Amino acid sequence: MIEQTAANLTPYNETASPLGLGSTTQDQGFLLKFYESIVDDLSAAKRHGTPSVDTTYAKSSIPDIFPNKIPNPQETRYSFSVLQEWEGYVVSISTETFTARLTDVTRNCTIEEEEADFPLTDLEDADRLRISPGSIFRWVIGYRRSPGGTKDRSSRIVFRNLPAWTTKEIEKNRHDATEWASQLNVE
Amino acid sequence: MGKPTECRMTKLSPPNSDQIELTLFGPGYGECVAVHLGENRWIVVDSCLNTKTGNPAVLDYFNEIGISPQKAVKLIIISHWHDDHVRGLSEIVSSCPKASVCCSSALTQSEFLSHVLNYQNIMTKTTSSGVKEIEKILQILSDPSLPPIKRALANRTVLDLPAKGTANSCVVTTLSPSDKEYDDFLKGIAALVPSDKKTKIRAPSLSPNDAAVAIWIKTGGVKMLLGSDLEEKGESSSGWSAIVQSEERPRGRASIFKIPHHGSGTGHHDKVWSDMMIESPIAILSPFYNAGKMLPTDKDIARILSLAPKSYITTRYPAPKSKKSRTRSVERTIRETVGKMRAVQPPMGWVSLRNGGKSNPDSWTVKLSAAGSHLNALNEKKG
Amino acid sequence: MKECFMRIEPENNSVSIVLIGDLNPAIFHPSWFVANNLLSKDDIESAEVEIIFKSIAVFKVGDWLRVQVEPNRFVAETTEPPFVRLHDLVVRTFREALIHTPIFKMGINRRVHFSVGDEESRNKIGKKLAPQEAWGEWASCINGKKDNKHGGMVSLSMRETGLNDRKTGHIQAKVEPSRLIKNEAGIFVEINDHYEISKDDSLAGATPIIDILGEQFDVSLRRSEWIIDQIMALKEKV
């Protein structure tokens, strides 16, 4: 049993996900009240003709906009369970393949111990255009289950959408580098 | 110089106080050289990781032979900044607080530091690069209580030790980079400045290896040339041409040669052999594996053996198939996707040269790890 | 905890990142993500908007992403590995486009549904986690059957506090019978890895929490799988 504090008495675990399935009745009760208030807001907005409501979801009645407010226990989705995952970086690219060095993420390795040649045809079109030496990706092997329960072995390569450089960051680095160079004790 | 005595060692012992030793470790995500100058005075050039322990190979070696690096290491030279020469170097620098650190002056300039800052934080923990290691080293060296960084330039003395006990005096001279190489390096780095909104990637390498530091060591009558990864471009003001033609370089001929750039043709210059080496010196090198290809190539091996029949390599094994065992489903999918996976590096090996001390300075014993071998063994394996 | 495999392959699997802060749901349209290089044009072609309004925005992208934004909460969830893709999206969103948004709490959540083979095994696990004897005389009532239904554990949560890797926060695990897996043979486990920063730190915008996300995401998922594996191990012990 844990100590009863204000933190424990919050109505729900606020950074747990409210989406999908498995919420307790207590969570659902709190969320239901929140969603009902949104529905009230929406109804009011519609009455007053407020323009900025985008309800692309094609259902006729407003409460149906939130099909997941009471999660449907029968709802299932595709599921992928990972058997093996690597992080890799591209070393070189030829006409048909790219070579990459791989770090075994599943085994929690920190240095790249393996290398392989991947067919470029395995990549999405957008990735094939963007790939360059140094590009970083994840290679995942596992089982994909459909809602119907069928199971297939699957392999996928996903290039990481890492933060991009910004002019501000590059300028800051240039400034910091100048300062750093002046502080180094060089004979 | 007579034929060196070869033996394969598993148990290691420290050199005698008057013995000169040069030990080359690699590959192992890099290569590393440890040189004993007598009386427990050591220098370390670059770093590589022991593939078995994950530690810097030279620290494992010192531990095994009972050397305390804090007291013994006088100089650490970063001969250049590529991944294959710096892994674990920050740990060596931390372990040797009394050692001076020497690197190309270009690595202390704001253009390079800006490059380091741009590429050191790309928010992925699993993909390291030489840039991160250099950043760690320079941060350590920002401590004003440590010795100042020594700039490596053409024909600059970076260590001058007096004779001590049974050891001769010793002078370590950097032979490169030349002024042109310094400029070319900074121009190359400037071209790598990323552009706005470009997704971060791992730091690219510069080729050729501008800012590589070739090193000349003279102690007593013994002279050694460590070639780093210095490449020849065919220009008189850079690469080996600049060194060979320099009137200010140290005179004499070396009897020991750490072959540059893993024996590749781009690291070769005829005049290095004819003007700077004795006839048939002892040559040592470590291989390099990249995208399934190995240096030295067959052609390189033939060329090196013709110039130095007494050549040794740290490992005779090619990059093996990856030995990691995984479930059948995973192995099958790997086969279907990429065919075979290769290990990035074979197990690390070493070659160690020790002379006969003051009484027999030109008599060398070659010690080899289990993986190390005479360079001929690579030809025999393929035959 | 060098490497961790969940010994039972989950039949349903998801990861979500939840951020608590001050948000404006109305901007979170898929096209805004594209304009800020956070999603690609290919992603948008498979996007389905459920609603974009001042107090809520909900959309899906293909099978791999669901986003829900409320005035005080941002939720991104995925069922498709590599899960680091979710991390990258959230990091980029709040490090680049929304860097000034005050965010002061974060949850990295892992949910699985897995089968333990049959109802009997599941019941044994439930009784191991929540012994009915503790309920005294009422235990026999809980256990009593009517119309082939019986009572038992509905939900159990355990919380770890005093963690060394954060100033404030906790790890909370919840175990329930799974409503997804057939034949009453499934167990649902949710791990909520919760981090908080001080209000003063949150004035710096999203960066402090996003820095924590960058450092902790892989570690958190690995730890969550390790905790889940402890529950899975009960199948062998009952």
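In chain C, C:Lys105 sits across from C:Glu196, a residue of strand S11(C). The strands here are DSSP runs of E with at least two residues, while helices are runs of H or I with at least four, and both are numbered from the N terminus. Keep in mind that this is a predicted model, in which local features need pLDDT of at least 70, side-chain atom pairs count only at pLDDT 80 or more, and totals for chains, interfaces and linings use all residues. Residues are numbered from 1 along each chain as its sequence is written, with chains lettered from A and ligands numbered from 1 in the order in which they are written.

Back to that pair of strands. S6 (residues 103-115) and S11 (residues 186-196) of chain C run antiparallel to each other, with 11 bridges between them; strands count as paired if DSSP finds at least two bridges. Strands of a sheet pair through backbone hydrogen bonds, either parallel or antiparallel. Step back and you'll see an open sheet of nine strands in chain C, ordered S2-S3-S4-S5-S1-S6-S11-S10-S9, with antiparallel pairing. At its edges are S2 (47-52) and S9 (156-160) of chain C, each pairing on one side only. From one strand to the next, the twist averages 10°. Helix H3 (residues 84-97) of chain C packs on this sheet, where it touches S1 (12-21), S5 (73-78) and S6 of chain C, and its direction makes about 150° with that of S5(C). Those angles run from 0 to 180 degrees between N-to-C directions, with axes fitted as lines to C-alpha atoms, for helices over the stretch in contact. As for confidence, the mean pLDDT of chain C is 90, and 98% of its residues reach 70 or more; pLDDT is the predictor's confidence in each residue, from 0 to 100.

Now over to chain B, which has 12 helices and 20 strands. Its radius of gyration is 20 Å, close to the 21 Å that the globule rule gives for 383 residues, so chain B is as compact as a globular protein of that length. (The radius is taken over C-alpha atoms, and the rule is 2.2 Å times the number of residues to the power 0.38.) Of those 383 residues, 54% are buried, meaning that 20 or more other C-beta atoms, placed from the backbone, lie within 10 Å of the residue's own. Chain B also holds an open sheet, this one of eight strands with mixed pairing, in the order S8-S9-S10-S11-S12-S13-S16-S20. S8 (156-161) and S20 (373-374) of chain B are the edge strands. S8(B) joins S9 (residues 170-174) of chain B through five antiparallel bridges, and B:Asp160 faces B:Val171 in S9(B).

Chain A comes with three helices and five strands, arranged α-β-β-β-α-β-β-α from the N terminus on. Buried residues account for 32% of its 187 residues.

So how do chains A and B meet? In all, 46 residues of chain B are in contact with 49 residues of chain A, a contact being two C-beta atoms, placed from the backbone, within 7 Å. On the chain B side, elements giving two or more residues include helix H5 (110-120), helix H6 (130-141) and strand S17 (342-343). The model as a whole scores ipTM 0.86 and pTM 0.84.

Notes. Buried ≥ 20, exposed ≤ 12 C-beta atoms within 10 Å, placed from the backbone.
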